[in-house]
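Welcome! Take a look at the structure before you start.

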Amino acid sequence: MLDDFLVRAGLAGFGVSLATGPLGAFVLWRRMAYFGDATAHAAILGVALALATDMPVPLGTLIVAVAMAVTVAGLAARGWAVDTTLGVLSHGALALGLVAISFVHGVHTSLESYLFGDILAVTKGDLAYIWVGALAVVALLAWRWQGLLTATLNDDLARADGISPDVERLILTLALALVVAVALKVVGALLIAAMLVIPAAAARAISRGPEQMAILGSVIGAVACLSGLALSFWQDTPAGPSIVAAAAVLFALAAGFGKMRRH
Amino acid sequence: MLVQAKDLTVRLGGAEVLSHVTMTIEAGEIVTILGPNGSGKSTLLRALLGMVPLSGGQVTRAPGLRIGYVPQKLSIDATLPLTVRRFLSLPHRISEVEAKAALARVGMADAEAKPMSGLSGGQMQRVMLARALLAKPGLLVLDEPTQGLDQPGEAGFYRLIAEVRQETGAAVLMVSHDLHVVMAASDRVICLNHHICCEGTPRVVSAAPEYRALFGLGTQGALALYQHRHDHSHDAPAPHDHDHSHEGHSHAG
C-alpha cells in the first residue's frame, strides 16, 4: 500500500495536519504567525546545511529552525522590537539559505521542492520522519496542555500557580521548530506558516472550546491535504499550493457557517 | 505569619521602584496597599508572590501557603474560544460540583457556558475570584480588583471579599488607588509611595500626617491623588525625584 505515491502523499499530509492543528491554535492565540514564518524561512538555511554536510535534510532543518526560534524568542525577551527583528531574521535567513544552496555542489533536487514542498515525492523514509516528528509534537503539547493554556491567558496568572511562562514559551518554540522540519517536504518553507494559521482559523469559527479548536484544526488540515492532492492529481496543479488553497476555501466555508449559526 | 518582606528593594529598568519595604501579612487579615498611580503597588504585590526578581532584601512565604491570585486585567485573544467553565479548570481540572459552587459563591451562577470574551468588567472580576477560590487559598491576592467598576459594583465586590474572608478564613491582600471604600473594607492599610509612608488600621492611617500628605483630604484630596506625586525622606537620601505641588496640604516628611 505504501508503494503507491498517492497513499504516501496522503499519509504525509495527515501526519503534518496532526501536529499543525493544536500548534496552529497556539500560533493564533499567542499571535505567533510571523514568528512561525521566520522559523519556516530559516528551514531553507537548514537545507543548505544538510546538503553541505551530508546530514538528513529534516535534521539540518530542525537544527537551524531551533536556532532561529530560540534566537528570536531570546531577542524578544530582551526587549527588541519583535516586528523588526523577525523581519530581518526571517528574510535574511531565507535569502542566505538560497545563496548557500547554490554553492553546494551537485544538488539534483530543484530549489522549488524546498520552497513549495514536494509531497508527491515523499519516500517511506520521509514518512517515518514526518510521523515521528508529528507525534512528538502532539505528545509534547498534550503533556503541557493545561500549563500552556494558562500561560497563554496571562503570565502572572501562570506564575501564581507555579507555572513558568518562559518554560511554556520554550516548549512552543521547540514544537514549532519540529513542525517546520517535518512539514518542509509537504508544503515547503514558504507555505508552512499557512498550514499553521489557516486550518486553525477555520476551526476557530466553528469551535466552542480550545480543545475542540485544536482537534478541528487537525481535521480541517487533513481535509485540505486530501482536497489539494486530488486537485493536483486531476488538474496537474502544484501540490503544496493546492493544499493551502484548499485550506483557504475551507476557511471561507467555516467562517460563513460560523456566522450563520450565530444569527 | 503568611508572608513577610524584609528590606525589600526592586529595580526595574534602572529605576528603584520599591525601596526597603518591610511588612508582614498575618493569617486571616485584610490588608490593602494604597498609593498613587506609579507608586509601585503592583510591583510590591508581584514581589511578595515571587514574580519579580529582587535587587535587595528578602521575602519569606509560609511553607505550603496556597495563593489565589486575581490579576488586574485579563485580555483574552478573540481567537481563543473559552467558556467560563473551561477557564475555571485552568490550570487544575475541577469537578462540575466545585465549578457550580464557586460560581454561585461569587454571584455568577448560570454563567458556566458563557464565553469569557463576552463578560463585562465586573463579571470578569467575579469569575476570576471564583477561580482563585477554587485553589482553597490561605492568601487571596487581588491587583486593583475594582478598576473600571462603578460605585455600587465596587462596594458590592468589597462586600463579597469580606464575606469570603469570613467563610474561608483566608487572608486578603489587595492593591487599590481608591480611598473610601477600601478604608471601610480593610483591617490594615499600607500607604505606599516607593517606600512605606505609613501603615496601620484605617482609622490610624487616615489620621496620619503622611497619609494626609499623600492623599489630601475631602474631595480636593481625591483629586490630589491623581495630580500629586509625593516623596519625603525619612533618614536616607530620596531614591527618586521630587515632583511636588504643595497646594492644600502641608509637608509631612
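Predicted model: local features only at pLDDT ≥ 70, side-chain atom pairs only at ≥ 80, totals over all residues.

**Exercise 1.** How many residues of chain A are in contact with how many residues of chain B?

Residues are numbered from 1 along each chain as its sequence is written, and chains are lettered from A and ligands numbered from 1 in the order in which they are written.

*Solution.* Step one: two residues are in contact if their C-beta atoms, placed from the backbone, lie within 7 Å. Step two: by this rule, 21 residues of chain A are in contact with 17 residues of chain B. Step three: α6(A) gives the largest share of chain A's side, five residues.

**Exercise 2.** Describe how helices α2 and α8 of chain A cross.

*Solution.* First, helices (H or I, at least four residues) and strands (E, at least two) are DSSP runs, numbered from the N terminus. Next, the axes (lines fitted to C-alpha atoms, for helices over the stretch in contact, with angles from 0 to 180 degrees between N-to-C directions) of α2(A) and α8(A) come within 9 Å and cross at roughly 50 degrees. Finally, in α2(A), Gly36(A), Thr39(A), Ala40(A) and Ala43(A) meet Leu176(A), Ala177(A), Val180(A) and Leu184(A) of α8(A).

**Exercise 3.** Which residue of β4(B) is the bridge partner of Lys6(B)?

*Solution.* Begin with the strands: β1(B) and β4(B) run antiparallel and are joined by five bridges; pairing requires at least two bridges found by DSSP. Then find the partner: Gln58(B).
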